[in-house]
Number of protein chains: 2
Amino acid sequence: MRNIKLTIEYDGSSYAGWQRQKNAMTVQQKLEESLEKLCGEPVNVIGSGRTDSGVHARGQVSNFKTSSTIPPERYSYALNSMLPSDIRINCSKEVPMDFHARFSATGKKYRYSIINNTHGTAIDRQYLHHVSSPLDIQAMKEAAKIFEGTHDYAGFMATGSPVKSTVRTIYESKLIQDGSLLHFTVTGNGFLYNMVRIMAGTLIDVGKGKISANVIPDIIAYRKREKVGATAPANGLFLEEVYYDELL
Amino acid sequence: MRNIKLTIEYDGSSYAGWQRQKNAMTVQQKLEESLEKLCGEPVNVIGSGRTDSGVHARGQVSNFKTSSTIPPERYSYALNSMLPSDIRINCSKEVPMDFHARFSATGKKYRYSIINNTHGTAIDRQYLHHVSSPLDIQAMKEAAKIFEGTHDYAGFMATGSPVKSTVRTIYESKLIQDGSLLHFTVTGNGFLYNMVRIMAGTLIDVGKGKISANVIPDIIAYRKREKVGATAPANGLFLEEVYYDELL
């Protein structure tokens, strides 16, 4: 048996997210179907975590175990010749048998991208959330920094998500402006369900002047979903990178 | 009667190009259908030029004449509420009655974008032409500069295109590298049918070592399609801007 790690890029626009579902096409299913043909046996692909319907990934990581003797580096080429063009395998390699894409992950980096102009955009529309109201960028930058550190993020989670602990450590959280584009990038040891999209929605509310940046610490401490901004739409979100302790 | 100028952005992926056709949806038809509803009369939209099936535009320009009393600046808002999200009107304004999007144009700027890596890309795949072979970027940069100046570009035109003169002046032609992305930008007083895509295809051949940069002047002088590189695919091409003498 071999344990193979895949680094995967996908445009989530046409998928009901990462995780296999009964009545909708997902990225995991596309991968498992291609791998089953390739390996000649059923294959269970483990992802570093779920991404929601419409969310994109530049660096999703997964692993699978197989008795196939295909050279590990060949999986990327073979899979890319079978998969639709909105899913690309950027790297495939053999890793130790105890590597687990989800449990071995030590952190993740997400990016949420916004276009802030009058009419939105046709080009890249599936990768940008359009906000037409004027935004106070400086306030949004200050608010983004406040997310850094170890906090109980119970309020920044879709209601009803079962989870043991809602404490997460954010290593870096920043907003960068590039003309009419805003990129919110956040790196942490883990994220609650919808956490980045709720953070992005809160930053947009700060930009609109609905919430003041300096009340963000109170909003975090209040630990209730209703004090926090709306969940920003899926299409602006990218899973950028998944981190592991060893250089795998 | 008023003459209205529109600046239009579109993702050409789902259209059979700009110009109205019998059996396929085009950007011009979408615009004319929306304007007819809006103005309550048939409207003929004149474009600065055609774009082919799959080609994109960041700054296509068009004009139309109407007896409607809708304030000129409102057309962008009204049209954007009716048009599909892959077409956006970034500006609408009244211009003198003798303004003609095609005949008044004094120049155009195009961009052709390439991703040069092993596996291509899922994100932005509809905006980038994928080239997997290693490319000599320095040779491509040198070749791009050679297109500048006034030349007879008869060889850089799809065969069978009827045109009075094949002489065109290229004001600027350059290739910029941004990691694995290559952007070929070319500005000129006019372009022959498929000219930018044939230029891009020729640059790719230079990058692959099939053509030497220093034979480009001979290839231009030979004035035959068969000496020139292949026509690069439509999806990498953007009509960036259309220029007019007056500041309209």
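Two strands count as paired if DSSP finds at least two bridges between them, and strands (E, at least two residues) and helices (H or I, at least four) are DSSP runs numbered from the N terminus. The model is predicted, so local features need pLDDT of at least 70 and side-chain atom pairs pLDDT 80 or more, while totals for chains, interfaces and linings use all residues. Residues are numbered from 1 along each chain as its sequence is written, chains are lettered from A and ligands numbered from 1 in the order in which they are written, and side-chain values use heavy atoms, without hydrogens and water.

**Exercise 1.** Determine which strands of chain B pair with strand 8 of chain B, and in which sense.

*Solution.* Begin with strand 7 (residues 149-152) of chain B, which pairs with strand 8 (residues 167-178) of chain B in the antiparallel sense over four bridges; here Thr150(B) stands opposite Thr169(B). Continue with strand 9 (residues 181-188) of chain B, which is antiparallel to strand 8 of chain B over eight bridges, with Ile176(B) opposite His183(B). Finally, inspect the hairpin of strands 8 and 9 of chain B, where two residues lie between the strands and Gly179(B) takes a positive phi near 65 degrees.
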